[in-house]
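Have the viewer open as you read.

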Amino acid sequence: MATKTRTIEVELSTSGLDRSGKPQRVPLVTNDGGVSIGIPEPLALEPALDGEHMLINLGPQHPATHGVLRLVLELDGETVVRCIPHIGYLHCGFEKTGEYRQYNQIIPWTDREDYLNAPGNNVAMALGAERLFGITITERCKVLRVIACELSRIMSHLVWLGTTSIDIGAYTPFLWSFHQRELIYQLLEAWTGARLTTSLTRVGGLMADIPDGWTDNARSFLAGFDKVLDDVEKLLTNNGIWVGRTVGLGVMSPEEAINWGLSGSMLRASGVSYDVRKDFPYLDYETYDFEVPVGVNGDVYDRYLVRVEEMRQSARIVRQALDRLPDGPINVDDARVILPSKTKATSGMESMIHHFKQVMEGPRPPVGEAYVAVESPRGEKGYYMVSDGTAKPVRWRIRPPSFLNLSAIPKMVEGHLLSDVIAINASIDVVLGEIDR
Amino acid sequence: MIPVHALLQVVDRQAPITGYTTYIVFSIIKLIIVFTIYMLSAALLTLAERKISAWIQGRHGPNRVGGRGGWLQPAADGVKNFMKEETEPGNASHPLFSIAPALSFVPAMLVWCVIPFGSPLPTPWGRVDLVVADLPVGFLFILAIASLGVYGIVLAGWASNNKYSFLGGLRSSAQMVSYEVALGMSTIPIILLAGNVTMSEIIRQQSHSMWNVLNLTTAFVVFFVAALAENNRVPFDLPEAESELIAGYHTEYSAMKFSLFFIAEYANMVTAGALMATLFLGGWDIPFTGWDNAAPYTVLKTILTLGCFLTKTGFFVFVFIWIRWTLPRFRYDQLMSLGWRVMLPVALGYIAVLATTLLVLQAIGIHPGPVHSFILLMENICILLLLFVMVDEGRIVSPAYGRAQQARIVRLRARSASRAVTEGAGK
């Protein structure tokens with residue numbers, strides 16, 4: 001087949017910074033001979049050290065960077081003078097891959113980008129696709145999705161609680177909270193068959209209904225969970241060392257928190273009561289009775305208090321959801337997106353063809369775009385997808401709350417000690433899969 | 001060659017050994033026994049730590065090697081560390097890098113030479129004191145040798161040529177030097193009370209009146225905290241704070257060199273436990289009885305007192321482990337401030353108070369005995385109550401999580417905010 005060459009003229013440039021730190025467009029092309037384009041020298045990655053300062057490289061392989069975050073710290077003694085975060089060590093190309101996948105096929109990718117909140121991401125992705133398709137899901141599906149979201153919030157906060165307590169030197173809360181997380185994993189395993197990568201939702205419903213007796217197990221988990229949370233709080237909340245290590249660190253005032261684009265517990269700890277579940281309710285969150293804990297001082301201690309209280313509130317929501325769980329189908333009755341049952345697909349001709357086309361070609365949403373934001377454990381998690389009428393999105397974009405929260409770390413750690421960097425970094429609760437996506 | 005005639009001399013079993021050769025032979029035997037027990041206990045302690053932590057955290061702990069109890073786990077660890085490859089950073093200073101583990105290990109062992117661990121043992125060759133060397137300056141020897149432990153850590157941190165190790169070494173030198181002062185000061189009351197620095201005399205004094213833990217509770221508290229800091233145990237494990245400094249001073253060590261540091265840590269724990277048992281819990285003295293301290297000495301008495309000593313030491317070691325798995329870690333500046341602003345003044349103040357009390361008691365004619373001890377105990381209770389209220393800040397005393405705690409939080413916030421402003425701006 002003969003190929004036809006054509007020339008495209010575009011101005012290739014990217015956003016960058018000039019030497020004084022102001023934003024500017026940086027051209028990417030240099031070799032076209034015609035116009036000489038002055039490219040500013042790249043900003044020095046390694047800062048010039050003055051005096052007795054020491055440069056220390058925290059990560060990407062370090063026990064306390066929660067993944068592969070790399071922080072280059074300039075230390076004066078043990079005081080941090082400058083902090084330069086480096087990201088990208090976990091780049092997997094999730095967004096780009098999404099452009100080559102059908103909507104249902106993207107759901108397993110959402111498991112992996114914020115791997116501590118897999119069910120919550122699945123729900124967010126499904127909500128976005130359903131908005132694109134214009135589908136209203138069933139009542140039972142809504143309630144089950146709320147349960148999944150809140151369990152995953154508890155799970156994620158438990159990981160945060162455990163790893164933060166390890167970072168500050170207390171080992172025991174880590175194992176206690178991981179035991180509780182294991183119990184949630186067992187619940188999810190019974191429901192979806194997977195523990196970490198749940199792929200719970202499908203466009204228009206769920207991959208499976210909960211098994212028999214699942215609600216009882218969930219209730220008995222919640223009963224034990226409250227007690228363990230009390231125990232952990234007994235160990236930490238009023239512990240003099242814990243208070244001394246967390247209070248007054250990484251303070252963000254409400255104005256700063258908003259200006260830096262923080263969201264989730266980070267924002268709420270600074271005193272801004274913004275929770276997507278309350279302010280832009282989805283899945284009928286407005287009908288549940290729960291409080292949004294808000295901190296006062298915006299330091300590591302307040303973030304700890306806020307997250308612990310959020311776990312209690314999530315448990316409260318799960319209880320309400322279990323109480324109101326209606327009977328009925330979990331999937332919408334919409335042949336565009338929902339597969340026919342296996343029995344039908346293997347016995348009837350039309351169903352089989354339908355099944356085949358659904359799987360091979362995928363459901364096609366109308367042309368349009370959709371943005372859905374949910375309250376992930378780390379903050380406002382958004383999925384934005386653009387459809388051109390084919391089965392695959394032309395653009396799938398994630399708004400990662402961790403990325404925005406992490407961007408404030410230089411501001412928060414400078415002037416504090418090396419040990420405080422660890423505590424502050426832990427308080428941000430980063431998930432690098434989401435940041436590098 | 002051992003001159004046999006010296007060993008065959010029949011002497012009074014209760015009399016001290018006189019012959020020089022016999023003395024040497026028994027010293028060597030005692031050395032070997034102490035060394036063996038000591039190494040064994042350090043090895044078993046690694047297991048104990050894992051088992052106790054598992055118990056606290058609701059796990060099983062080691063249960064594969066050596067049956068359900070995991071009794072052979074230390075042996076398996078030891079074999080593993082012997083077989084592993086030893087790595088050394090390219091730019092490390094080889095002599096210092098190699099000698100550092102030994103330097104941290106040896107002082108912990110040397111201290112044991114002067115700790116009596118049982119009542120004297122009667123033998124056909126005379127009475128054997130169950131202490132390797134009952135030095136007249138036993139106590140000062142301990143202080144002198146224990147200070148040497150810091151060299152191993154500092155040199156390890158320096159010689160590794162690694163920034164994390166270096167920070168660990170720096171932290172530990174500052175920490176150990178600071179807390180040594182408090183440690184030394186907290187032992188002066190014991191000397192004041194016993195009037196002697198020989199370990200066996202300190203034990204005798206306690207068995208005759210009351211254990212120092214009641215006589216000198218304040219000193220005991222200070223000594224306990226300082227001993228935790230000296231051993232780099234949580235909440236004072238900053239030199240090896242894993243979440244900040246990877247493994248601190250021993251980041252670059254592997255195989256047996258690492259193992260030596262590891263053993264030294266547990267050895268130091270046993271030593272600290274034994275020291276506290278000796279200085280504050282009457283050493284091998286069996287409580288509420290006087291017969292174990294008096295002649296005639298029998299083998300049974302030796303065994304019982306030895307058991308008593310081991311129980312006391314084990315108790316302290318257990319408390320060390322218990323604390324490790326309960327508390328978070330201090331920050332460097334908090335540690336320093338605790339050492340210099342709290343521990344040292346308390347220790348110094350207590351010396352002054354105790355010296356005055358002893359003088360007054362002597363002047364009004366109350367001699368060491370029950371009344372004397374009772375007065376000291378009451379004094380201690382008052383001091384400790386005061387200290388408790390100060391340290392507690394309304395957490396336990398005022399159940400509503402008192403205002404003092406809130407005020408402290410406000411203060412901490414203000415301080416750290418001002419630090420962030422001044423030092424962040426100063427760059």
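## Ground rules

This is a predicted model, where local features need pLDDT of at least 70 and side-chain atom pairs count only at pLDDT 80 or more, while totals for chains, interfaces and linings use all residues. Residues are numbered from 1 along each chain as its sequence is written, and chains are lettered from A and ligands numbered from 1 in the order in which they are written.

As for scores, the model has ipTM 0.78 and pTM 0.82. pLDDT is the predictor's confidence in each residue, from 0 to 100; chain B averages 79, with 85% of its residues scoring at least 70. Watch residues 423-427 of chain B, though: pLDDT stays under 50 there, and the model has six contacts for that stretch beyond four places in sequence. (A contact means two C-beta atoms, placed from the backbone, within 7 Å.)

## The two chains

Chain A carries 17 helices and 10 strands, whereas chain B has 15 helices and two strands. Both kinds of element are DSSP runs numbered from the N terminus, helices being H or I with at least four residues and strands E with at least two.

Of the 437 residues of chain A, 48% are buried; for the 427 residues of chain B the figure is 43%. Buried here means 20 or more other C-beta atoms within 10 Å of the residue's own, exposed means 12 or fewer, and partly exposed is in between, with C-beta atoms placed from the backbone. Among contacts with a sequence separation of 6 or more, residues 24 or more positions apart account for 66% in chain A and 75% in chain B.

## The 8-9-10 sheet of chain A

Three strands of chain A make an open, antiparallel sheet in the order 8-9-10. Strand 8 (368-376) and strand 10 (395-399) stand at the edges with a single partner strand each, so one side of each is left without a neighbour in the sheet. Neighbouring strands are turned by 10 degrees against each other on average, direction ignored. Such angles run from 0 to 180 degrees between N-to-C directions, using axes fitted to C-alpha atoms, for helices over the stretch in contact.

Strand 8 and strand 9 (residues 379-387) of chain A pair over nine bridges, pairing being called when DSSP finds at least two bridges between two strands. These two strands form a hairpin with two residues between them. Along the pairing, A:Tyr371 stands opposite A:Tyr384 and A:Ala373 stands opposite A:Gly382. Helix 3 (residues 118-133) of chain A packs on the sheet, touching strand 8 and strand 9, and its direction makes about 155 degrees with that of strand 8.

Strand 9 and strand 10 of chain A pair over five bridges, with A:Met385 opposite A:Trp396. In a regular strand the side chains alternate between the two faces of the sheet. Strand 10 has A:Trp396 and A:Ile398 on a covered face, and A:Arg395, A:Arg397 and A:Arg399 on an uncovered one.

## Two aspartates with positive phi

A:Asp284 is not a glycine, yet has a positive phi of about 60 degrees. A:Asp284 sits in the loop between helix 10 (276-279) and helix 11 (300-324) of chain A, and is partly exposed because 14 other C-beta atoms lie within 10 Å.

A:Asp429 also has a positive phi of about 60 degrees without being a glycine. This one is in the loop between helix 16 (418-428) and helix 17 (432-436) of chain A, and A:Asp429 counts as buried because 27 other C-beta atoms lie within 10 Å.

Helix 6 (residues 163-194) of chain B has 32 residues and reaches 46 Å from its first C-alpha to its last. That is close to the 46 Å expected at 1.5 Å a residue, the expected span being 1.5 Å times one less than the number of residues. Just after helix 6 of chain B comes B:Gly195, with a positive phi of about 70 degrees.

The largest nonpolar core has 210 residues, and those touching the most other members are A:Val421, B:Ile115, B:Val222, B:Phe223, B:Ala226, B:Ala267 and B:Met276. (A nonpolar core is a set of buried Ala, Val, Leu, Ile, Met, Phe, Trp, Tyr and Cys residues joined through C-beta atoms within 7 Å.) Leaving aside residues up to four places away in sequence, B:Ala226 touches B:Tyr179, B:Ala182, B:Leu183, B:Ser186 and B:Met343.
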